Amino acid sequence: MVSSPHEAMHRIFQEYPELFFRVSEVLGIDLPRPHSVRILPTDLTESRPVERRVDTLLHFETESDGGFLVAVEAQGRKDPGKPGSWAYYVTYLYEKYGLPPLLLVVCQDRATADWAAVPVRIGPAGWTTLLVHPLVVGPHNMPVITDVADARKDLSLTALSAITHASDPEVGAILKALSTALRDEPESLVNPVIEFVAQGLGKRPASEIWRNLVAVDLSFYTSPLSEEIRAQGEARRAARDVLTVLKQRGLEVPEVVRERITDTQDLELLHLWLVRAVTASSTDELFCDE
């Protein structure tokens, strides 16, 4: 199953193709500037029944020639089978489109990034028939953007900064700068950024930081995710209220009961349990009619 961080690490380039050039500038790579860009189909399957799909495929067109392709791959861990797939991708794309391909691999940890950056040499001993040299993005080379002014200048790069630094101590400051920078932006721009960052953080502790920031700093936006975040925040607060009353009254709260309360998203039900918690003689009375 494709994970949410996996989706965010490559789909952000579909939403903001120009982000690739900000990334290449950060990495010191000088590439010809395009006048347009197209998102191409990602299906690289041949007529034989072997399915191969690159994560995101972009075609940057330039004035002087046909431009070049950028295949974006999101890589969450080391995978011994991937280098062979990457070699297939670039040779297939070169053959199909007749354009020079560039492979961009996006990672969220240094070990995976170091592994992905190793050139893949294919050929017999003493001769390299094919060399695949990915351009790798990760926490080791993406900027830590914590200044609001810098974040406002480049929202998509700041979102990628948060995603690639999802497990780093600095991520909280990045997320705060981003949420502050988004306050003055139109909803059509804010909503995709909220979604990508939430997906990219996955289930890491930073996801809770982002949810709290969205609930407070961006409370006036009404994207499906922001609404979900606010609802979940209200449910967590209501659950804490129930548990606080039970604790103050000296009632024993078994772990199964605690989990039932904290896992509940129904605000009306949590309110009912809160009312009952005030007079209940045991936690069983919270659920007396269920």
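How do the residues of the lining of the second largest pocket divide into nonpolar, polar and charged? In this predicted model, the lining divides into 3 nonpolar, 4 polar and 4 charged residues. The volume of this second largest pocket is about 200 Å³. It is lined by 11 residues. Closest to the pocket centre are A198, Q199, G202, S207 and R211. Two helices, α8 and α9 (206-217), each supply at least two residues of the lining.

Helix α8 also takes part in a helix pair. It spans residues 187-201, and its partner, helix α6, spans residues 155-164. Their axes come within 9 Å and cross at roughly 15°. Angles under 35 degrees count as roughly parallel. The helices α6 and α8 are therefore roughly parallel to each other. Their crossing is right-handed. On the α6 side, the contact is made by L155, A159, A162 and I163. On the α8 side, it is made by L189, V193, F196, V197, G200 and L201. By class, the residues of this contact comprise 9 nonpolar, 1 polar and no charged.

Helix α6 packs against helix α7 as well. Helix α7 covers residues 171-182. The axes of α6 and α7 lie 9 Å apart, and the packing angle is about 155°. Because angles over 145 degrees count as roughly antiparallel, α6 is roughly antiparallel to α7. The crossing of this pair is left-handed. From α6, the residues L155, T158, A159, S161 and A162 take part. They meet V171, I174, L175, L178, A181 and L182 in α7. This contact has 9 nonpolar and 2 polar residues, and no charged ones.

The α2 and α6 helices cross in a right-handed sense. Helix α2 contributes L19, R22, V23 and V26. These residues meet S156, L157 and L160 of α6. The contact of α2 with α6 divides into 5 nonpolar, 1 polar and 1 charged residue.

The lining of the second largest pocket, to which α8 and α9 each supply at least two residues, includes 4 charged residues.

Terms used
Residues are numbered from 1 along each chain as its sequence is written. This is a predicted model: local features need pLDDT of at least 70, side-chain atom pairs count only at pLDDT 80 or more; totals for chains, interfaces and linings use all residues. Side-chain values use heavy atoms; hydrogens and water are left out. Axes are lines fitted to C-alpha atoms, for helices over the stretch in contact, and angles run from 0 to 180 degrees between N-to-C directions. Helices (H or I, at least four residues) and strands (E, at least two) are DSSP runs, numbered from the N terminus. Angles under 35 degrees count as roughly parallel, over 145 as roughly antiparallel, 65 to 115 as roughly perpendicular and the rest as oblique. A crossing is left-handed if the near helix is turned anticlockwise from the far one by less than a right angle, and right-handed if clockwise. Contact means heavy atoms within 4.5 Å. Ala, Val, Leu, Ile, Met, Phe, Trp, Tyr, Cys and Pro count as nonpolar, Asp, Glu, Lys and Arg as charged, and the others, Gly among them, as polar. On a 1 Å grid over the protein atoms alone, a cavity is a set of points where a 1.4 Å probe fits but cannot get out, and a pocket is an open set with protein on both sides within 12 Å along at least five of seven lines; lining residues have an atom within 4 Å of a point. Grid points are joined across faces, edges and corners, and a volume is the space filled by probe spheres set on the points.
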